[in-house]
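I opened my notebook to record what I looked up in this structure, entry by entry.

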Amino acid sequence: TIRGRLVASFTFLVLLPAIVVSMVWGLVGVSTQRRQVMAQLESVATLKEAELNTWTQNLQADLSTLLISDEVYTWLRQVLVSSTDPSESEQAYYKLHDRLEKIVLRTQEFDELFVMDAFGRIVLSTDSWREGKVGAPGSIQYLQEGLKKEYLNPPSYTLAIGGISIIAVSPIFDIEGFSIGILAGRASPTRLNEIMLERTGLGETGETYLVTPSHIMLTAPRFREKQWLEIPYVFTKGVKAALERFESGSGQYRNYNDIPVLGVYRWIPELEVALLAERSQAEAMSAIFKSLYISIGSVFAIMILAGAIAFIVIQSITRPLEGLVGTVSRITSGDLSQVVRVEREDEIGLLAQAFNNMTDQLRDLIGGLERRVEERTSDLHQHALQLETSAQVSREITSILELDDLLMS
């Protein structure tokens, strides 16, 4: 019907632009929101990297400060050099041990401070049980480097302490300037965890963490799952890119809990670790998704409103047409008395007036034909009467002639 086609066309013309605009706005909005989240994560990663650099510099500075004191340096030499008087060496040991323990308690930057000789043997430690023992296999690297200069050993998992250790080292020289050992500090992970777990700008699901080259998470995970082993290994796309290809970048992948996230990953060469800043996609994109839901709801509301308006407008057009069609149908059935009501001045009103004019003309035409038929019928009737009279006269004449012939005969 015309009504159906008009309603469908009107709704389509309103709905199509709304859908196109919503789709374009949605795609642009999702892309923009994703870029904003990535930029925010980049800023967080940059801030964390700067805090890590400051933390490592402070570790080295705190360790170097211990060696500024001539008194401490003297004690270190007396502990390390075997030719020193045993009594002096013993006194130096206790004084140095007491000083290092107080520093550990006061600064809380180190879990352990220890002195190692050039052969890798620990001669003094705030963890007394380690004294007299050779350092762990990983100590070879920081011992060799530490005998030459200040050095920060990259994070590594140490069986002796059952966890991750970060060692800051400073060389100890004798009077002649030869390296005789190192002063080393095993950094406390507390401050490192504080740096990584602070989540300003990360929302409810965001987190930052560090991963060692062995794919072991260096800092405490914020969302640790029960099925994790004691040693948390991480093999996500971001971690692999940073550790295996030494890349820094961003992307969309699944985190260590198999949750889709938007993440930024960086390779930190100073610590030889991967820095990850991640936020769940669900939370990161929630604002734009809410806007999309509102947009979709608005489209449906517009569609319903457009349909209602279309129905009202189209009813005002089709109702007079329906009345006109009904009147025409009755006229074609022979009822020429029907008159179309003219209630409008638009094209439909003109059409109704034209039908009324046509009906008037039709009535006049049919009336004229009826009169002509009546007149013709009357003429024919009179002519028939005349013919009948002539025939009767002819019959009478014939009868007279026949009678006359009979009389003559």
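**Ground rules.** I noted that this is a predicted model, in which local features need pLDDT of at least 70 and side-chain atom pairs count only at pLDDT 80 or more, while totals for chains, interfaces and linings use all residues. Residues are numbered from 1 along each chain as its sequence is written, and side-chain values use heavy atoms, with hydrogens and water left out.

**Helix α5.** I looked up α5, residues 189-197; helices here are DSSP runs of H or I with at least four residues, strands are runs of E with at least two, and both are numbered from the N terminus. Its buried residues are Leu192, Ile195 and Met196, where buried means under 20% relative accessible area, exposed means over 50%, and partly exposed lies in between (1.4 Å probe, protein chains only). Seen down the axis of α5, these buried residues fall within an arc of 90°, so they line one face of the helix; the arc is taken from the directions from the helix axis to the C-beta atoms.

**Salt bridges.** I found 14 salt bridges in the structure, each being a side-chain nitrogen of Lys or Arg within 4 Å of a carboxyl oxygen of Asp or Glu. Glu198 and Lys48 form one of them, at 3.7 Å from N to O, and this pair links distant parts of the chain, since Glu198 sits in the loop between α5 and β6 (207-211) and Lys48 in helix α1 (residues 2-66), 150 residues apart. Glu198 is partly exposed at 37% relative accessible area, whereas Lys48 is buried at 2%.

I also looked up Arg266, whose salt bridge with Glu49 has its closest N and O atoms 3.0 Å apart. Arg266 lies in strand β8 (residues 260-268) and Glu49 in helix α1, so the pair ties together parts that are 217 residues apart in sequence. Arg266 counts as buried, at 14% relative accessibility.

**Nonpolar patch.** I recorded a nonpolar surface patch of about 550 Å², made by Ile2, Leu6, Phe10, Leu305, Ile309, Val313 and Ile317. Such patches are made of residues with over 30% relative accessible area and no salt bridge, with nonpolar side chains (Val, Leu, Ile, Met, Phe, Trp, Tyr) joined within 5 Å and like charges within 9 Å; accessible areas come from the Shrake-Rupley method with a 1.4 Å probe, and for residues only the protein chains shown count as cover. Helix α8 (286-332) gives the most to the nonpolar patch, with 4 residues. Val313 lies in α8 and is partly exposed, with a relative accessible area of 41%.
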